Amino acid sequence: MNTDVAPVKSKTERKPKPKWLRVKLPTGKKYTELRSLVDKYDLHTICTSGSCPNMGECWSEGTATFMILGNVCTRSCGFCGVKTGRPETVDWDEPEKVARSIKLMQIKHAVVTSVDRDDLKDMGSIIWAETVKAIRRMNPDTTLETLIPDFQGNERNIDRIIEVAPEVVSHNMETVRRLTREVRIQAKYDRSLAVLKYLKDNGIRRTKSGIMLGLGEQEEEVIQTLKDLREAGVDVVTIGQYLQPSKKHLPVKQFITPDQFKKYEQIGLELGFRHVESSALVRSSYKAQKHIN
């Protein structure tokens, strides 16, 4: 038997991460204090459950992200590590629990997000509004960003968010038009743009969106997406590197270089965005406290 033949590499084998994607372990007094509170009271943050690379930096600045409406999503996006299936029943005590977590952690700026709840008649928008109200009652000095789903474009559901007036309302495009069907299977590119435009046209002072790179998009497609977002009145955009959560998810097609991220940042600023966060480790809530200004 010939034992010198090199093994055939699997087509799905993950690309090795480049050096600029190395993450420093979170440290510092504020991080340590918050970590102990999260563990002691079993508080649920996306920062910890999603192993966010920026957790230490954000927590030291008094920012954290919370997910409502459970941890099972009704959609099966090709990029997302959240479980898909039949969600649990709505926990109507959740708004108070989130508000209490924010108070315990002494969060200055809270980001709230959720799974998609297409199984609910209101798509979760009532719990969304109640959560914002509860946070305001218990934490009057805390500012808020709501990173919302598309609510299937239903204006009554979006109106519930507008009525409680978070300082920032965000909805992520995630990718370019051509890749939307593959990356966000049950979502629509134009519907997401319409949601963002509706928010801006109906009184939301600061709107925001985010995209991931490395899924096979071309530079001109990224630039077109940025132009589409500006046309919809979006103020803030985040641009980060897609990382494959598991072998079941879409593979990374390319690791974008720091220079390319810098180029997109410059293009975004030239297009008129108020803030552009563009680098490999940027996530939706990165430097979120800056975006209220």
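Modeller: Let us begin with helix packing. Axes are lines fitted to C-alpha atoms, for helices over the stretch in contact, and angles between N-to-C directions run from 0 to 180 degrees. Two packed helices are described by the angle between their axes and the distance between the axes. Please note that this is a predicted model.

Colleague: At what angle do the axes of helix 5 and helix 6 cross?

Modeller: The axes of helix 5 (residues 125-138) and helix 6 (residues 155-164) cross at roughly 10° and come within 8 Å. Angles under 35 degrees count as roughly parallel, and helix 5 and helix 6 are therefore roughly parallel to each other. Helix 5 contributes Ser125, Ile126, Trp128, Ala129, Val132, Lys133 and Arg136 to the contact, and helix 6 contributes Asn157, Arg160, Ile161 and Val164. Six residues of this contact are nonpolar, two are polar and three are charged.

Colleague: How does one read the faces of a single helix?

Modeller: An α-helix has 3.6 residues a turn, so residues three or four places apart point the same way. Helix 10 (residues 258-271) has 14 residues and spans 20 Å between its first and last C-alpha, close to the 20 Å expected. Its buried residues are Phe261, Tyr264, Glu265, Ile267 and Gly268. Because these residues cover an arc of only 165° around the axis, they lie on the same side of helix 10. Asp259, Lys262 and Glu270, on the other side of helix 10, are exposed.

Colleague: Against which elements do the buried residues of helix 10 pack?

Modeller: They pack against strand 7 (207-213), helix 9 (219-231), strand 8 (236-241) and strand 9 (275-278). After helix 10 comes glycine 272, with a positive phi near 110°.

Colleague: What is the general expectation for phi?

Modeller: Most residues other than glycine have a negative phi. Leucine 69, which is not a glycine, has a positive phi of about 70°; leucine 69 lies in the loop between strand 1 (63-68) and strand 2 (72-73). Methionine 123 also has a positive phi, near 55°, and is found in the loop between strand 4 (109-114) and helix 5.

Colleague: Are leucine 69 and methionine 123 buried or exposed?

Modeller: Buried means under 20% relative accessible area. Leucine 69, at 4%, counts as buried, and methionine 123, at 10%, counts as buried too.

Note on methods. Residues are numbered from 1 along each chain as its sequence is written. This is a predicted model: local features need pLDDT of at least 70, side-chain atom pairs count only at pLDDT 80 or more; totals for chains, interfaces and linings use all residues. Side-chain values use heavy atoms; hydrogens and water are left out. Helices (H or I, at least four residues) and strands (E, at least two) are DSSP runs, numbered from the N terminus. The expected span of a helix is 1.5 Å times one less than its number of residues. Buried means under 20% relative accessible area, exposed over 50%, partly exposed in between (1.4 Å probe, protein chains only). The arc is that of the directions from the helix axis to the C-beta atoms. Contact means heavy atoms within 4.5 Å. Angles under 35 degrees count as roughly parallel, over 145 as roughly antiparallel, 65 to 115 as roughly perpendicular and the rest as oblique. Ala, Val, Leu, Ile, Met, Phe, Trp, Tyr, Cys and Pro count as nonpolar, Asp, Glu, Lys and Arg as charged, and the others, Gly among them, as polar.
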